[in-house]
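Morning, everyone. Have the sequence and the model open, please, and follow along as I go.

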Amino acid sequence: MSATPPGVLARAGILVLLWLTGMTMRAPILVAAPLGPRIAEALSLNQTGVGALTTLPVLALGLGAVPAAWLIARFGARNALMLAVILTGVASAARGVAPDAGILLIATAATGVGIAIMQPALPALVARWCPGFVALGATVYLNGMMVGEFIGAGLTLPGLLPAVGGGWRAALFALSIPIVVLAPFLRIPRLHGERPTLDQVARWPDWRDARVWRFGSLLGLTASTFFGLNAYMGAILASKHLASHIDLVLAIFNAVQLFVSLLLMATIRRVLALPRLLFATVVLHIAGLAVVMASDSLWLIGGVVAISLASAVQLIALTSLPALILTPARAGAVAAGMFAVGYVLAFVIPLLAGSLVDASGTTASALYCLLGLNMLCLPLGWHTVTGLEVQRA
C-alpha cells in the first residue's frame, strides 16, 4: 500500500471518481419521480405505487446498510463499492424492460440494495483514497449525489426524455449504462495506509452508540421530507392547478441542493461546527412546508427552495460526520447503522403520506404528515450538537 500522498493529477482523478460515484447514488432513485405519471399510466399504478418507485429504493437503502457493513469488513471497501456499482447499474436498467408492476418494483428494490452498499463503503474508502484531504473528498462525493438528484429529478423531462425519443423505458435504460461503465475505473486509485484486518474492522453497527440513532433519525427525517416531496410533487402541483410547471419546480428543487453542496465544499468543517445547525434545518423544513401548503401560486417555489436548502445542509452534515470523526475501521459500521435507521424511516414516512393521500383523496394529507413529523423532531435537532462531534475528531 502506498504511503505517499497522491500528486495533483492523481488527486484530481480521485475526486472525479468520487464525484461520479456519488452521482450514481441518487440519479437512479430520483429519475422515478418525473417518470411516475408515465409509468403509472402504462402499468396501472395508484398513487401509493407511484410513490413506491421513489421510496422502495429508500427502504432497500435501510435494510441493505447492515449487511453492507459485513461486506465491507469481509471483502474491503473498494471491492464492495465495485460490486455495488455494478448491481445498481444492472438493476436500474432492468426497470426499463420490466413487463409489469411486480417486476418493476423488484428491480427498483435491487437498485436500492446496490446503493445501500455504496453508501457506507464510501465513508470507509474516502480516508484511504484521500490522505490529507478527507473532508474535501467527502464533500465532493456528496456534491455528486446532489448532481445526481438534479439530473434524475430536474433534467429527466426537459433533457433525457427528448434525447431518447420520449419513452420512459428508454430513459431508465439510458441512465443506467454509465453506471456500469464506471465500475472498473474504481480499481485505479491507490489505497493509502494499511487495510485493517477482519478482527479490527467493525463488522456490524454498534446499536448502543447514540450517534447511530441521533444521526440516523435526523437523516430519516430529512430524507423523508426530500424524497417524499419529490415523489408527490406532481400530485401536489396538480391539486393547485400548477401541473404544467412540474418540470420547473422539480428542477429548482434539486438545483438548490447542487448549489448548496458546491458552497459547502470549502466550508464543511466550519458549518459542522455550528452548535445548533441541525435544529435550524428542521425549522427551515417546517417553514418551507408551511409555504407550500398555503400557496396556490408559483410563490410556493419559495417554500420549495427552503426545504431543498435545509435538506441539503442536513444530508451533507450527517453523511460527512462518520468519515470526519472516525477511523476507516469504524466509519463504515457507524455509517451503516445510521443509514439503516435513516432510510427505513425514509421509506415508511413517505409511504404513510401516500396512503393518507389515497385514503383522504387530498394531497394536503401528505404535507400535513411531513409537517407534523418535522415538528416532532425539533427537540432531537436541538440536542444533536454537531460542533461537539467535530471537536471529538
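Let's start at Asp 296. This residue is exposed, with a relative accessible area of 57%. A word on terms: buried is under 20% relative accessible area, exposed is over 50%, and partly exposed is in between, using a 1.4 Å probe and protein chains only.

Before going further, the ground rules. This is a predicted model, where local features need pLDDT of at least 70, side-chain atom pairs count only at pLDDT 80 or more, and totals for chains, interfaces and linings use all residues. Residues are numbered from 1 along each chain as its sequence is written, and side-chain values use heavy atoms, with hydrogens and water left out.

Back to Asp 296. What does its side chain meet in a salt bridge? The partner is Lys 240, at 3.5 Å, N to O. A salt bridge here is a side-chain nitrogen of Lys or Arg within 4 Å of a carboxyl oxygen of Asp or Glu. By that rule the count is one salt bridge. Asp 296 sits in the loop between helix 13 and helix 14 (300-325), and Lys 240 in the loop between helix 10 (210-239) and helix 11 (246-264), so the pair ties together parts 56 residues apart in sequence. Helices are DSSP runs of H or I, at least four residues, and they are numbered from the N terminus. Lys 240 itself is buried, at 10% relative accessible area.

Now His 241. His 241 also has its place in the loop between helix 10 and helix 11. It is not a glycine, yet its phi is positive, about 60 degrees. Buried or exposed? His 241 is exposed, at 75% relative accessibility.

On to helix packing. Two packed helices are described by the angle between their axes and the distance between those axes. Axes are lines fitted to C-alpha atoms, for helices over the stretch in contact, and angles run from 0 to 180 degrees between N-to-C directions.

First pair on my list: helix 13 (residues 277-294) and helix 16 (residues 364-376). Their axes are 9 Å apart, and the angle is about 155 degrees. That makes helix 13 roughly antiparallel to helix 16; angles over 145 degrees get that label, under 35 is roughly parallel, 65 to 115 roughly perpendicular, and the rest oblique. Contact means heavy atoms within 4.5 Å. Helix 13 contributes Val 282, His 285 and Ile 286, among others, while helix 16 brings residues including Leu 367, Tyr 368 and Asn 374.

Next pair: helix 5 (residues 77-95) and helix 9 (residues 168-182). Here the axes come within 7 Å and cross at roughly 165 degrees. So helix 5 is roughly antiparallel to helix 9. Among the residues that meet are Val 85, Gly 89 and Arg 95 of helix 5, and Trp 168, Phe 173 and Ser 176 of helix 9.

Last stop, two buried residues. Pro 350 is in helix 15 (residues 328-360). Its relative accessibility is 0%, so Pro 350 counts as buried. What does Pro 350 touch, leaving out residues up to four places away in sequence? Thr 55, Ser 224, Gly 228, Tyr 232 and Leu 345.

Asp 209 lies in the loop between helix 9 and helix 10. At 10% relative accessibility, Asp 209 is buried. With residues up to four places away in sequence not counted, Asp 209 touches Arg 330 and Val 334. Thanks, that's my tour.
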